[in-house]
Amino acid sequence: MTIVNQQYRKLNPAGATPREISEVVNNLMDGKSNNVGTVTLNTGGASTTTIYNERIGYSSIILLSPSDDISSTTFYPYGAWQDSTDQTASANTATVVTCNTTDYELGTSIASSSRFTAGYSGLYNIQFSFQFNNTDTSIHTVSVWFRKNGTDIANSNSDFDVTSSHGGNPGAIIAALNFFIALAKNDYIEIVWSTPNTGVTIQQIPTRTTPTRPATPSVIVTMQYLSANGYTADIFTAPYISATSKGQATISHPANSVSGMTYKYLVVG
């Protein structure tokens, strides 16, 4: 934490010279006073930073203004994961989908390869894309649904018909869906599937030729923060003054690991 306070002349309560009074008044007319400063947010995952200034009182209003591009950047949690393995399931058995690769994470995380976890409370858009393959000669209907903290979410299931094998090649479809889910901080989502036949798998497809084309992940999952959704604690928000007392004020902000997040402040009252 770095704090810089502006310092201009103060008048002696017992009296001052006309020149000193003129200097102070002219500075005030130019908007220059001792109630402004600069503060740099704590790092290392800190979620609070303290301003120390003798002009701050219990009822002071403190205005914050970002002083550079880093500080003014808007932060919205998101995550993207994928899997590069084939995933199978026993017939008519609920099976949790897993991912082994993290593409992006900011304010989200994955635990136990399957638990997509919110770092901030709010409404999230969870999206998936599965590459289903079917080696059986019959069409089979698979189900996909969501769990929150280990409990099935009501009305979250979707059914997908996977085409039967044909011409020596397995049937294939992409199953994709997005779902809005309200999550408190550290809540997690799992995506679950079931199939009536073991010939249906979630299949990774390697790179191919004629023409050359990229590999196909078996699973892609993304997670995007949408809004606070009425939560009043642990939500993502821009830095704000959460408490004031004699000589100091507390800035609350998202857990910070970025150095140089610097704000100018003005103390009023």
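Me: A residue counts as buried at under 20% relative accessible area, as exposed at over 50% and as partly exposed in between (1.4 Å probe, protein chains only). Which of these classes does asparagine 186 fall into?

Reply: Asparagine 186 counts as exposed, because its relative accessibility is 53%. The model is predicted: local features need pLDDT of at least 70 and side-chain atom pairs pLDDT 80 or more, while totals for chains, interfaces and linings use all residues. Residues are numbered from 1 along each chain as its sequence is written, and side-chain values use heavy atoms, with hydrogens and water left out.

Me: Where does asparagine 186 lie?

Reply: Strands (E, at least two residues) and helices (H or I, at least four) are DSSP runs, numbered from the N terminus. Asparagine 186 sits in the loop between strand E14 (171-183) and strand E15 (188-194).

Me: What is the phi of asparagine 186?

Reply: Most residues other than glycine have a negative phi. In asparagine 186, phi is near 75°, a positive value in a residue other than glycine. Asparagine 149 is a further case to look at: its phi is near 55°, also positive in a residue other than glycine. Asparagine 149 belongs to the loop between strand E11 (140-148) and strand E12 (151-152). With 36% relative accessibility, asparagine 149 counts as partly exposed.

Me: Is the peptide bond from threonine 210 to proline 211 cis or trans?

Reply: Most peptide bonds are trans. The bond that runs from threonine 210 to proline 211 is cis, and its omega is near 0°. To find the place in the model, look for proline 211 in the loop between strand E16 (200-202) and strand E17 (219-227).

Me: How many aromatic pairs are there?

Reply: Rings of Phe, Tyr and Trp (its six-membered ring) pair if their centres lie within 6.5 Å; planes under 30 degrees apart are stacked, over 60 edge-to-face, the rest tilted. The count here comes to nine aromatic pairs. One of them joins tyrosine 124 and tyrosine 225, edge-to-face, at 5.6 Å centre to centre and 85° between the planes. Tyrosine 124 is in strand E10 (residues 122-134) and tyrosine 225 is in strand E17, so this pair ties together parts that are 101 residues apart in sequence.

Me: Are tyrosine 124 and tyrosine 225 buried or exposed?

Reply: Tyrosine 124 is buried, at 0% relative accessibility. Tyrosine 225 is buried too, with a relative accessible area of 7%. Phenylalanine 128 and phenylalanine 146 form a tilted pair, with 5.9 Å from centre to centre and 50° between the planes. Phenylalanine 128 belongs to strand E10 and phenylalanine 146 to strand E11, so the parts tied together by this pair are 18 residues apart in sequence. Phenylalanine 128 counts as buried at 3%, and phenylalanine 146 is buried at 0%.

Me: Which residues do ring pairs link into a cluster?

Reply: The cluster linked by ring pairs consists of Phe128, Phe130, Phe132, Phe146, Phe160, Phe179 and Trp193.

Me: What does leucine 63 contact, leaving aside its neighbours within four places in sequence?

Reply: Contact means heavy atoms within 4.5 Å. With those neighbours left aside, leucine 63 is in contact with Lys264, Tyr265 and Leu266. Leucine 63 lies in strand E4 and is partly exposed, at 46% relative accessible area.

Me: Which side chain has a polar contact with the side chain of tyrosine 265?

Reply: A polar contact is a pair of N or O atoms within 3.5 Å; within protein, one must be able to donate a hydrogen and the other to accept it, and residues adjacent in sequence count only if both atoms are side-chain atoms. The side chain of tyrosine 265 makes such a contact, of 3.1 Å, with that of asparagine 53. Tyrosine 265 is in strand E20 and counts as buried, at 2% relative accessibility. Threonine 38 is 227 residues away from tyrosine 265 along the chain, yet 6.0 Å separates their C-alpha atoms.

Me: Which side chain does a polar contact join to serine 252?

Reply: The side chains of serine 252 and serine 242 are joined by a polar contact of 2.7 Å. Serine 252 is part of strand E19 (residues 248-256) and is buried, with a relative accessible area of 13%. Not counting residues up to four places away in sequence, serine 252 touches Ser47, Thr48, Ala238, Pro239, Tyr240 and Ser242.
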